[in-house]
Amino acid sequence: MSESVIRDVGLAEDGLLKIQWVKNHMPILNEIRRNFEASQPFKGKKVAICLHLEAKTAYLATVIKAGGAEVAVCGSNPLSTQDDVCAGLVSLGVKVFARHGCTPEEYTSFLHKVLDTRPHLIIDDGGDLVHLLHTERKELLPDIIGGAEETTTGILRLKAMEKEGVLAFPMVAVNDGYCKHLFDNRYGTGQSTWDGIMRTTNLTVCGKTVVVAGYGWCGKGIAARAKGLGARVIVTEVNPIHANEALMDGFEVMPMAEAAKRGDIFVTATGCIDVIRGEHFAVMKDGAILANAGHFDVEINKKDLQAMARSRRVARRNIEEFAMADGRRLYLLAEGRLVNIAAADGHPAEIMDLSFALQTLCLDYLLKTRGQLPPKVIPVPREVDRQVASLRLKSLGVEIDTLTPEQEKYLASWRHD
Ligand SMILES: NC(=O)c1ccc[n+]([C@@H]2O[C@H](COP(=O)([O-])OP(=O)(O)OC[C@H]3O[C@@H](n4cnc5c(N)ncnc54)[C@H](O)[C@@H]3O)[C@@H](O)[C@H]2O)c1
């Protein structure tokens, strides 16, 4: 079996400190780990993980390993991998194939290396592992029991596969679990996107006009936090219902063609291509900052930006300046990749505690229901969502009411007499 491929094993000490820090702030996973250590649900199983490879993911990998699995991990984006965390994870006995800033070819070779371990279960983020398994690595399909998908974009791809009848194994839509998108997409992306933009630019948000493209779960969080930081917020949408939500939350709504003239900072979170493109760059103010929080680097059209620029240069780490022919300068953060992970540390540990608790319990569910689930996109079981939510309340020492028998009877009845 292949050995790890990482930047530098010598970075392990720093990586271990980061992993230890998040572990101290992930009480739900700690509880699941204790249970897994006793019950060994993954004994004899191999698990392949493709996720943004920073400390929270590393801790998740060790929890699954503690449950008896052999674990191999690669990154789900070339810029989100942290080399010290990779080294730390290797020292904890997990196979890692990832390097920060790897080329597209290396990125794909790392996905292959993880699959070379012949996994039984997978965790995917954006659908790249599943895509390879159904194209270049079909010989591995008979071994796969199932998997779990982390993000909105990956689930869209899975649903397209299901519709075409090509999905070969069950994939649990972890993103669509309540304990995922309600907290991770909204509060996680909301906070970490601004963390990424602020630490990268070292500029103020207050007093600026922020344009948020997409008012889904991520966009709601990004807009709410921009408002909290003192920005004027404009939302662009294609969905009339979400546009109304943005209006009622107190934001201006308009097409990107209009918003482009007004914005100081632009953040895309749509999962869609070309949300900001040539016609928009043409009317932007000098100094406009462009950032993406959606899964792929396709939301800000980089080809248009390059074609329109007279020159480009690195203005600061993770900031590229594009000088237009008329003298205006536009600044692209983190190559248009997810700014919260490529230019920061991703979501807070307490948020990923919820998301990754769902991941672990969904893998366990796939094993327990082996052979019973169709090769489709499977919802997170309701009891798993409730279990994760209850574990979080327990870890916080928060108690809630329980229904009395009379209340249960009332809620189950249509007579109300
Ligand atoms: N950065 C992160 O850490 C992080 C976390 C979770 C999800 N994501 C990714 O962020 C993206 C959005 O996720 P989500 O959960 O908010 O999805 P969502 O489906 O809840 O919301 C997307 C919104 O974008 C709107 N939209 C689509 N195309 C548009 C366009 N051309 N212009 C304007 N609005 C448009 C949709 O109508 C929808 O309201 C996905 O790619 C997802 O994978 C990133």
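By class, the shell around the ligand comprises 10 nonpolar, 16 polar and 3 charged residues; here Ala, Val, Leu, Ile, Met, Phe, Trp, Tyr, Cys and Pro count as nonpolar, Asp, Glu, Lys and Arg as charged, and the others, Gly among them, as polar. The model is predicted: local features need pLDDT of at least 70 and side-chain atom pairs pLDDT 80 or more, while totals for chains, interfaces and linings use all residues. Residues are numbered from 1 along each chain as its sequence is written, and side-chain values use heavy atoms, with hydrogens and water left out.

In total, 29 residues surround the ligand, each having a heavy atom within 4 Å of it. The closest are Thr 151, Thr 152, Thr 153, Glu 237 and His 242. Helix 8 gives the largest share of the shell, 4 residues; helices are DSSP runs (H or I, at least four residues) and strands likewise (E, at least two), numbered from the N terminus.

| Residue | Atom of the residue | Distance |
|---|---|---|
| Thr 151 | polar side-chain atom | 2.6 Å |
| His 242 | side-chain N or O atom | 2.4 Å |
| His 295 | backbone N or O atom | 3.0 Å |

Asp 297 lies in the loop between strand 11 (289-292) and helix 13 (302-308). Asp 297 counts as partly exposed because its relative accessibility is 22%, between the limits for buried (under 20%) and exposed (over 50%), with a 1.4 Å probe and protein chains only. The C-alpha atoms of Asp 297 and Asp 184 are separated by 20 Å.

Notes: A polar contact is a pair of N or O atoms within 3.5 Å; within protein, one must be able to donate a hydrogen and the other to accept it, and residues adjacent in sequence count only if both atoms are side-chain atoms.
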